[in-house]
Amino acid sequence: MGCTTGKISESSKQIDKSIKEDRKRQLTKLLLLGTGDSGKSTFARQMKVIYQTGFTLGELQKFSSVLRDNALNSIQILISEAKARNIKLGRKYEKIAERVLQATEMDIDTGILTSKLWQLEELQEIWEIRNQFQIPSNSDYFLENVLRISNPEFIPTPDDVFRAKMKTTGIVETAFESRGKQFIMVDVGGQRTERRKWLHAFEGVTAVIFLAAIDEYDLVLAEDNRTNRMRESLRLFSEITNSEYFKET
């Protein structure tokens, strides 16, 4: 009896192993690569909305604070750039700008002040030369919607979430199904300091999706404030396509 039980147990393990291997073969692993700010996380979020049930209330609430931070960071950068260029906003607005510059959170009061500052011609002119300094590409969206974003009852829409700026660190996986086929999309941080972690995501990759932001043709990397972002994307793309890890991909 003991011998028979042992054989059945061993056979069961083999069957389980075979099932797992079959599932692994049926799984399509998509690896998102690109430089920082190339849109990888936005693409992954869009897949979540299209092929899953979207975002839970908890996830949306998490993005509420992210978007408030984005809006505050954006207006503070513009104010700092105006000061660095010795551009005066007028006595009334200089005091408002100083209050916003010292703010630590985008509450409703700071949101009202930010909305007034964003309408100023001087800050609009600073925004027009944004290729000369580092600022999130969606800053105009955050600032145009700052009254809504700073409202205590604010719950982001999917469109808000797509635009939210949040640095990807480590590896983020998104699983979804399309036409009966299982996919897992792997998003990894694109900043230079994050690329050393990419090797952990290379195993079992079916396809690589490389993203590049074409609106970065006149911008430089935040990492060194010197290298053209488009050239960095081209260099990285060449490196990836010639990598030994993807010979069979």
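This is a predicted model: local features need pLDDT of at least 70, side-chain atom pairs count only at pLDDT 80 or more; totals for chains, interfaces and linings use all residues.
**Exercise 1.** Determine how helix α3 and helix α4 are oriented to each other.

*Solution.* Two packed helices are described by the angle between their axes and the distance between the axes.
Step 1. Helix α3 covers residues 57-84 and helix α4 covers residues 91-102. Their axes lie 9 Å apart, at an angle of about 130 degrees.
Step 2. Angles over 145 degrees count as roughly antiparallel, and 65 to 115 as roughly perpendicular.
Step 3. The crossing of the two helices, α3 and α4, is left-handed.
Step 4. On the α3 side, the contact consists of Leu72, Ile75, Gln76, Ile79, Ser80 and Lys83; on the α4 side, of Ala97, Glu98, Val100 and Leu101. Sorted by class, this contact of α3 with α4 has six nonpolar, two polar and two charged residues.

**Exercise 2.** State which residues of α3 and α5 make their contact, and describe the geometry of the pair.

*Solution.* 
Step 1. Helix α5 spans residues 108-118; its axis and that of α3 are 11 Å apart, and the angle is about 45 degrees. This angle makes α3 oblique to α5.
Step 2. The crossing of α3 with α5 is left-handed.
Step 3. Helix α3 contributes Leu72, Ile75, Leu78 and Ile79, while α5 contributes Thr110, Thr114, Leu117 and Trp118.
Step 4. By class, the contact of α3 with α5 contains six nonpolar residues, two polar residues and no charged residues.

**Exercise 3.** Classify the orientation of α3 relative to α6, and describe the contact of the two helices.

*Solution.* 
Step 1. The axes of α3 and α6 cross at roughly 95 degrees and come within 10 Å. Because of this angle, α3 is roughly perpendicular to α6.
Step 2. Ile75, Leu78, Ile79, Glu81 and Ala82 of α3 meet Leu123, Ile126 and Trp127 of α6.
Step 3. The class division of the contact of α3 with α6 is seven nonpolar, no polar and one charged.

**Exercise 4.** Describe the largest pocket by its volume and its lining.

*Solution.* 
Step 1. The volume of the largest pocket is about 1100 Å³.
Step 2. Its lining comprises 42 residues, and Asp37, Ser137, Lys165, Glu216 and Arg229 lie nearest the centre of the pocket.
Step 3. The elements that give two or more residues to this lining are α2 (40-51), α6 (121-128), α9 (158-163) and β3 (181-188). The largest share, five residues, is that of α2.
Step 4. By class, the lining of the largest pocket consists of 13 nonpolar, 15 polar and 14 charged residues.

Note on methods
Residues are numbered from 1 along each chain as its sequence is written. Side-chain values use heavy atoms; hydrogens and water are left out. Axes are lines fitted to C-alpha atoms, for helices over the stretch in contact, and angles run from 0 to 180 degrees between N-to-C directions. Helices (H or I, at least four residues) and strands (E, at least two) are DSSP runs, numbered from the N terminus. Angles under 35 degrees count as roughly parallel, over 145 as roughly antiparallel, 65 to 115 as roughly perpendicular and the rest as oblique. A crossing is left-handed if the near helix is turned anticlockwise from the far one by less than a right angle, and right-handed if clockwise. Contact means heavy atoms within 4.5 Å. Ala, Val, Leu, Ile, Met, Phe, Trp, Tyr, Cys and Pro count as nonpolar, Asp, Glu, Lys and Arg as charged, and the others, Gly among them, as polar. On a 1 Å grid over the protein atoms alone, a cavity is a set of points where a 1.4 Å probe fits but cannot get out, and a pocket is an open set with protein on both sides within 12 Å along at least five of seven lines; lining residues have an atom within 4 Å of a point. Grid points are joined across faces, edges and corners, and a volume is the space filled by probe spheres set on the points.
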